[in-house]
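Colleague: I'm new to this one. Can you walk me through it?

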Amino acid sequence: ILKAKYMAVLKPAVSKTDHIKGPDSATVEIVEYGDFQCSYCGVAYPVIQQIEEEFGDQICFVFRNFPLTQVHPYAAIAAYGAEAAGLQGKYWEMHNLIYENQRQLDEDFLYRLANKIGLNRNQFEQDMQGEIVQEKVNADFESGMRSGVNGTPTFFVNTQKFDGGAPNLYVMLKESVE
């Protein structure tokens, strides 16, 4: 169904530990390894939103953290912030707000976002520094390494690495679903 050159396979498969948007019955599973401070990920964000809107229940979208901390000083803290928000049931709200305000990213800004989406501030602060959140980000990063990720954003479509970026992903989906 999908006409693309594939190189690597997603490891491990998507599971309940992932952040998933879309139904289990979706015919296309897209996994993004992303860095919240990466400008290319910022460009991919609205394309992924368009894909989700246009293809609806045909798509299942998963985001895994791949913070490139050597070039993006706030990438890890942003990933911790999104994961900490997730522990209070607000992962996608935080994920979206970070990307929509990417240029303002720093630790104080994450606390302002936490307040904006109604998180318990003390719990958020504890969770950001906690073992659960840091282990989740590390596990995502390690799975990216095992899957052949070497930059962000990297996409996997139905477990196969897609080389081509978000705009080409949209075009490929458009052609394969029609």
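**Loops, core and rings**

Modeller: Let's begin with a loop: Asn158 is found between strand E5 and strand E6 (160-162). Keep in mind that this is a predicted model.

Colleague: What is the phi of Asn158 near?

Modeller: Phi of Asn158 is near 50°, a positive value in a residue other than glycine. Thr159 lies in the loop between E5 and E6 too. Its phi is near 75°, again positive in a residue other than glycine.

Colleague: How does Thr159 count, buried or partly exposed?

Modeller: Thr159 counts as partly exposed, because its relative accessibility is 27%. Asn158 counts as partly exposed, with 27% relative accessibility.

Colleague: Switching to prolines. Which peptide bond into Pro153 is cis?

Modeller: The one from Thr152 to Pro153, with omega near -10°. Pro153 is in the loop between helix H6 (131-146) and strand E5 (154-157). The peptide bond from Lys11 to Pro12 is cis as well, with omega near -10°. Pro12 is placed in the loop between strand E1 (6-9) and E2.

Colleague: And where is Pro23 found?

Modeller: In the loop between strand E2 (19-21) and E3. Pro23 has 22% relative accessibility, so it counts as partly exposed.

Colleague: Which residues does Pro23 touch, leaving out those up to four places away in sequence?

Modeller: Pro23 touches Asp57, Ile59 and Cys60. Take Asp57: in sequence, Pro23 and Asp57 are 34 residues apart. In space, their C-alpha atoms are 6.2 Å apart.

Colleague: Now the inside. Which residues touch the most other members of the largest nonpolar core?

Modeller: Ile30, Phe36, Ile51, Met94, Ile98, Leu169 and Leu173. That core has 48 residues. Helix H2 (residues 75-86) gives the most to this core, with 8 residues. Another core, of 10 residues, lies apart from it, and its members include Val31, Tyr33, Cys60 and Phe156.

Colleague: Back to Met94. What does Met94 touch, not counting residues up to four places away in sequence?

Modeller: Met94 touches Gly81, Ala82, Ala85, Leu110, Leu113, Ala114, Ile117, Leu119 and Phe124.

Colleague: Which residues of H3 are buried?

Modeller: In H3, Tyr91, Trp92, Met94, His95, Asn96, Leu97, Ile98 and Tyr99 are buried. That is 8 of the 10 residues of H3, so the helix is largely enclosed by the rest of the structure.

Colleague: What about Glu93, buried or partly exposed?

Modeller: Glu93, in helix H3, counts as partly exposed because its relative accessibility is 36%. The C-alpha atoms of Glu93 and Leu113 are separated by 9.3 Å. Along the chain, Glu93 and Leu113 are 20 residues apart.

Colleague: On to rings. How many aromatic pairs are there?

Modeller: The structure holds 11 aromatic pairs. Take Tyr33 and Phe66: their ring centres are 6.2 Å apart and their planes are at 85°, so the pair is edge-to-face. Tyr33 is in strand E3 (residues 28-34), and Phe66 is in the loop between strand E4 (59-65) and H2. The pair links distant parts of the chain, 33 residues apart.

Colleague: Are those two residues buried or exposed?

Modeller: Tyr33 and Phe66 are buried. Phe36 and Tyr99 form an aromatic pair that is tilted, at 5.1 Å centre to centre and 40° between the planes.

Colleague: Why does that pair tie together parts of the chain that are 63 residues apart in sequence?

Modeller: Because Phe36 lies in the loop between E3 and helix H1 (39-55), while Tyr99 lies in helix H3 (residues 91-100). Phe36 and Tyr99 are buried.

Colleague: Which residues do ring pairs link into a cluster?

Modeller: Tyr33, Phe66, Phe141 and Phe156. A charge sits over a ring elsewhere: the charged end of Lys21 is over the ring of Trp92, 4.5 Å from its centre.

Colleague: What lines the largest cavity?

Modeller: Lys21, Glu32, Tyr45, Ile48, Gln49, Glu52, Phe61, His95, Asn96 and Tyr99. H1 and H3 are the elements that give two or more residues to this lining. H1 gives the most, with 4 residues.

Notes: Residues numbered from 1 in each chain as written. Predicted model: local features only at pLDDT ≥ 70, side-chain atom pairs only at ≥ 80, totals over all residues. Heavy atoms only, no water. Core = buried A, V, L, I, M, F, W, Y, C linked by side-chain atoms within 4.5 Å. Buried < 20%, exposed > 50% of the residue type's maximum accessible area, 1.4 Å probe, protein only. Contact = heavy atoms within 4.5 Å. Phe/Tyr/Trp six-rings, centres within 6.5 Å; stacked < 30°, edge-to-face > 60°. Lys NZ or Arg CZ within 6 Å of the ring centre and 35° of its normal. 1 Å grid on protein atoms, 1.4 Å probe; cavity = no way out; pocket = protein on both sides within 12 Å on 5 of 7 lines; lining within 4 Å.
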